[in-house]
Amino acid sequence: MADQDLIRFIEAELSEPTFPEALTFAAEIGARPGVAAVLFYGSCLQRRSAEGMLDFYALVDTPSGFGQSSLIAWLGQHLPPNVYPETFGDLRSKVAVVTIDEFQRRMGAEMLDTTFWARFCQRAALVWVRDEAARATAVRAVATAAETAAQWAGHLTPGANGPNAWRALFTKTYKIEIRVEKPGRAADIVGSDEARFDKLWTLTASAREGSPPMGSWRLRWWVGKVLHVSRLLKAALTFEGGPRYLLWKIKRHRSR
């Protein structure tokens with residue numbers, strides 16, 4: 001169970017207002033079948049701008065939530081999340097879909113998959129929620145993500161603290177993923193929100209003082225590479241022009 005001060009901090013942060021376009025788009029996502037909560041994250045949130053592609057996570061009750069087909073729902077159960085391109089008016093987004101229970105489970109330090117906690121220890125906004133039970137689950141999951149990330153940051157970068165430890169951690173997690181961001185993106189994330197990461201370091205002190213995470217980082221690196229390639233292949237089924245998207249992303253990654 002996450003520290004209560006950390007939970008209060010995360011709940012307040014997730015409730016901070018964001019720009020109207022994101023709220024409108026989130027309401028459209030929330031109207032889909034079985035959606036319990038919608039989280040907004042990524043560069044558009046950080047820049048407070050609707051220019052570009054908005055990034056959302058839709059937390060659903062069951063694998064078939066969001067109106068997913070049986071095949072895609074099955075794939076999402078075994079390799080979450082499923083990611084879809086969505087448009088609303090002039091706005092574009094990527095919507096990652098995962099069950100709310102799996103979202104919470106994937107935040108634990110014991111998981112070999114770093115994807116979920118590495119994203120949600122960063123700033124996010126809870127832009128649509130069905131009820132208070134879904135809100136509480138989302139808040140607990142994000143708080144757990146912060147604790148897991150802090151545990152790994154402390155374990156991998158002994159002697160570092162605060163923003164420097166977070167920078168070192170994101171550099172490592174970004175190397176696992178097949179990403180197209182410019183070099184130095186990990187440092188930019190912390191630099192643009194340094195006071196927040198400094199506060200988060202303080203609030204996760206008790207988690208860092210506990211037992212180190214189970215298993216090796218090297219194992220997570222190898223497992224993470226397999227998972228991210230597999231997710232790219234799966235995206236060919238949920239994106240229009242999926243094979244072209246897959247080739248473009250791999251080409252961009254190899255050029256870095």
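## Sheet and strand pairing

Alanine 37 lies opposite valine 129 of strand β5, in a model that is predicted, where local features need pLDDT of at least 70, side-chain atom pairs count only at pLDDT 80 or more, and totals for chains, interfaces and linings use all residues. Residues are numbered from 1 along each chain as its sequence is written, and side-chain values use heavy atoms, with hydrogens and water left out.

Strand β1 (residues 35-41) pairs with β5 in the antiparallel sense over five bridges; strands here are DSSP runs of E with at least two residues, numbered from the N terminus, as helices are runs of H or I with at least four, and two strands pair if DSSP finds at least two bridges between them. The open sheet consists of five strands in the order β3-β4-β2-β1-β5, with mixed pairing. Its edges are formed by β3 (82-88) and β5 (124-129), each of which pairs on one side only.

## Glutamate 13

Helix α1 (residues 4-14) contains glutamate 13, which counts as buried at 5% relative accessibility (buried means under 20% relative accessible area, exposed over 50%, partly exposed in between, with a 1.4 Å probe and protein chains only). With residues up to four places away in sequence not counted, glutamate 13 touches Arg123, Ala124 and Arg196, where contact means heavy atoms within 4.5 Å.

## Cysteines

Cysteine 44 is buried, with a relative accessible area of 0%, and cysteine 121 likewise counts as buried at 0% relative accessibility. The count of disulfides, each defined as a pair of cysteine sulfur atoms within 2.5 Å, comes to zero.
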